[in-house]
Structures are given as structure tokens and as C-alpha cells.
Amino acid sequence: MNGENFTLCGKMVAPSYVRQGSQARRGHEQLIRRLLEQGKCPEEGWSESTVELFLNELAVMDSNNFLGNCGVGEREGRVASSLVARRYYRLIHGIGRSGDIAAVQPKAAGSSLLNKLTNSVVLDILKISGVRSVASCFVVPMATGMSLTLCFLTLRHRRPRAQYIIWPRIDQKSCFKSMITAGFEPVVVENVLEGDELRTDLEAVERKIEELGAENVLCVHSTTSCFAPRVPDRLEELAATCAKHEIPHIVNNAYGVQSSKCMHLIQQGARVGRIDAFVQSLDKNFMVPVGGAIIAGFDESFVQEISKMYPGRASASPSLDVLITLLTLGASGYKKYLSERKEIYSFLAQELKTLASAHGERLLHTPHNPISLAMSLDGLQASSDQAVTQLGSMLFTRQVSGARVIPLGREQVVNGHTFRGFMSHAESYPCPYLNAASAIGITREDVTLCMKRLDRCLRTLKKDGGAARSCSTGPDVDQEAPDEE
């Protein structure tokens, strides 16, 4: 209510009580004013009542919520179900216009403000997380794979002759299909084995550029967050190579925002060389429903160019979800999650190492991977050809989600390209293994329970000689691994 309405309230209720209510209201409004002034994530999280008040204030600015609105167009924000309307806080118009996902809608000042604020708050979080020099970003209502495709399609207009994308191998289907869908030919560069780690073959990348001709290469498509024993690409060296040959560089930073090491690699890559855009998932980094990503870069004009490539308006749901989440957590709350994740990574590593040793296996040495870990399964492989994949089935039926069991010698054809040793990021990795990851939101209880169930499964398989037929009803975990996009 405004001041006049509070004065009128004082005629019906004791003025002292009304003043208290007015002061409480001003407390909410001061938080909102600070957000509008600064465009940054508040240091301390907001209460639900403040968030809801703010969203309701935005909603009444959209034409579908005007009291006297008379809509005679084809898109008037009409919603048949009141449940659906409440789910979206009556912010129905979505974001953007037909020619630009970042443009302001005349019919929807509130939704447009939501879009601008979300992008501004997310940019602040990317800076807090380690990429200090990022210039611009926007939330797009597509998962990481399609968001990468949008980046490649934008580069097509800058490099019309280019037909190849150089891609250090990462065994995740959406990364590969993002290039195919955009109409380009992926040039797969196999990784090199250094100790237990799979690392970028920089010399092979250089050879491919010279072989294909720099003018025929659309970009280098690198990766930060990945499943061990693969580790983040050598971003600084790749960025320098791209700058030297004047080739764009797109980074798949799928769940890298939660890792200070991944974000540092991006910051350093941009400092010493060239990174045109980096893409990250909303659900994996901010604990919101699947369906959104952040496209960010160091050249504001190029990021705007990508946003204008998006055809038509877009759903506001991912923007709404991440804004609500960040306003509720605040910068301090999000940083606390990041700190806890890093602590539990160390706890998971120690627990997995102890368990591996107890079963005659070992924790693979992958110090350059800050999120994912891997445990060898050599002994299990020796006991039975089926024992490794059987372990995946047993974990699945025991409600251990996210663990990946990788056997030897698997082949997979993806859009006509045959990947040998699929899911291990190499044609012939030396041993089968099991993956586990310490991702944002994980708890010590998750780790403890996982280790207990994994221990039981391994003991059962050894006792039964790898048969464990009673547990064979579940699907092999490696057949449909957790997404990494």
C-alpha cells in the first residue's frame, strides 16, 4: 500500500499499529529498492514473504493483470487454469520479443524487468564464482546442449566458410549432438593419458587446425566439468591457440560454476587468449528444475548477437526459478553451498579411497578434476565379464543414483560416428571404473550411505563370483548415464 492508503487505515485501526505495519512494509521495499539500484545478488537471502511481494509487484505490471484490460490479440496472457497461473505468479507473457530474447515487451513491463534483473543477478554470481571479467550473460530456456547449438549457429554468420568444429573428446551425447544439430562436422581429438588422467592433446589440436585450415574451422569446443578420469581441458593453452589462429572458442562449462577451479580456468583462458562464450546449466549449478542455461562471454556485443539469434519469445520459467533461488539464498548462502561442496569432495575422496583399498582396488589419481572421482574395478572385472555392469544394476536397484559404472571395450555410434571405449573418454582406457561426484547440494549423509551400499554390492559380487542374479532386474547404470550437458 502507498502512504495515502496507510493514512486511511489509521482511521479504522490505531495509528500506532498502522505505523508498525508501514515500517514493516518499508523493510521489504528497501530490499527491493537495493536490488533495483545495484542489480546484484543480495548478500543475505530474502524471506519468502519478500520474494512473493516482489513477484506480485512485478506481475501487476503485466497487461494480462491490468484490472481494465481488454485483450483482442492472439497472445494476451490468458491462462485457463488458476493453478497454472499461480505456479507462474501470473507472469504469463514470457521474456523477449520475436526478434530478441533480451528485448523489452510493451505488454509486459513486469516480465521484462524480471528478465533484466535475472540476467544481472546471474552475472554477479558468475563474477563471485571466479570469472571476474565476464562482461555479459543471459538466461536461455534451453538446456546446455541446445544452448551450445545457439552459439554455433551465431558463429556461422561470422564464419560462413567454416564447416568444422574441433572438439577434444568428451563422452557425453548432447555435447556431440549440439554440433551436429547446428550443421557442423565435429573433428574429434582423442585425449592423452597422463598417469590416470585423460588430458587435452594440444599438439593434435594444432595439427587439426593446420590440416583443415583455420578459415574452415568454426571454433574449438572445449570442456571444463567432466567425469573422471577425464579432467578439464587445458583452457589457457587452447585459448592461446585460438587467439593465435583467430579461431573462436566456445567452452562447455556445464556444471563448472560450482567449482572455483573450473571458473579460474575460464578466467585465465580469457586473460591469456580467446574465449568467446561459455555455457552452463541452471539445474546443475543452482538446484532448480531442468530447462535452462546461462550463456556468458567477455564481449558484450557477441553475447547480444547470440541472444538475437534466438527465434521468438521464450519461457520465463528458468529465469523465474533461478531468480527466486538466488534471492532466497543470497550471495552468502550460495557461497556456503560452494564451500560445503568442496569440503564434501575431500570427504568423498577419502571414503572412496578407503573402500577401494578394502576391496583390492584403488582411487584413480585425478587431481585436476575438482568434482568427479573414479575408483578402479580391476578385481571385479577379473572375477567375471559381467560383474562390472552387474554392479551398476545393483547400485541402481539400491537407490544409489548418479554413480556411473564404466566397463571396458564398449562401442557407441552417435550420429554416424563410432566411439570406441564409449563413456570412458578414450578408445582404450586401462581399467574399468566407477564414478562418483561431489556436486552442489550433496551431503555427508549421501556419501556415507552410498559407501555402505557400494561396499555391500562389492561383497555380494565377490561372494557370488560376479553372478548376483537376484539383483539383475535393474537397468545397467552405464547404459543411461547421468547427464553432463
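Student: With which side chain does the side chain of R75 make a polar contact?
Tutor: This is a predicted model, in which local features need pLDDT of at least 70 and side-chain atom pairs count only at pLDDT 80 or more, whereas totals for chains, interfaces and linings use all residues. Residues are numbered from 1 along each chain as its sequence is written, and side-chain values use heavy atoms, with hydrogens and water left out. A polar contact is a pair of N or O atoms within 3.5 Å, where within protein one must be able to donate a hydrogen and the other to accept it, and residues adjacent in sequence count only if both atoms are side-chain atoms. At 3.4 Å, the side chain of R75 makes such a contact with the side chain of Q105.

Student: Which feature does UniProt place at R75?
Tutor: R75 lies in the loop between α3 (48-59) and α4 (82-87), helices being DSSP runs of H or I with at least four residues and strands runs of E with at least two, numbered from the N terminus. UniProt positions follow the numbering used here, with shortened feature names, and annotations may be inferred rather than shown by experiment. With that caution, the unreviewed UniProt entry gives R75 the feature "binding site".

Student: Is Q105 buried or exposed?
Tutor: Q105 sits in the loop between α4 and α5 (109-128), and, not counting residues up to four places away in sequence, Q105 touches R75, H93, G94, I95, G96, R97, S112 and R313, where contact means heavy atoms within 4.5 Å. Buried means under 20% relative accessible area, exposed over 50%, and partly exposed in between (1.4 Å probe, protein chains only). R75, at 23% relative accessibility, therefore counts as partly exposed. Because the relative accessible area of Q105 is 2%, this residue is buried.

Student: What separates R33 and E37 along helix α2?
Tutor: R33 and E37 form a salt bridge, their closest N and O atoms being 3.5 Å apart; the term means a side-chain nitrogen of Lys or Arg within 4 Å of a carboxyl oxygen of Asp or Glu. R33 counts as partly exposed because its relative accessibility is 44%, while E37, with a relative accessible area of 56%, is exposed. Because they are four residues apart in helix α2 (residues 15-38), what separates the pair is about one helical turn.

Student: How many residues apart are R158 and E305?
Tutor: The side chains of R158 and E305 meet in a salt bridge at 2.8 Å, N to O. The pair links distant parts of the chain, with R158 in helix α6 (residues 144-158) and E305 in helix α12 (residues 300-309), and the separation is 147 residues.

Student: How many salt bridges does a search of the whole structure find?
Tutor: Among them is the pair D283 and K284, with the closest N and O atoms 4.0 Å apart, and both of these residues are buried. Salt bridges that share partners also join R25, E29 and E57 into one network. Over the whole structure, the search finds 17.

Student: Which element gives the largest share of the lining of the largest pocket?
Tutor: About 790 Å³ of space lies in this pocket, and its lining has 32 residues, with S401, G402, A403, A437 and A439 nearest the centre. The elements that give two or more residues to this lining are α11 (282-286), β14 (433-437) and α16 (444-463). The largest share, seven residues, comes from α16.

Terms used: 1 Å grid on protein atoms, 1.4 Å probe; cavity = no way out; pocket = protein on both sides within 12 Å on 5 of 7 lines; lining within 4 Å. Points joined across faces, edges and corners; volume = space filled by probe spheres on them.
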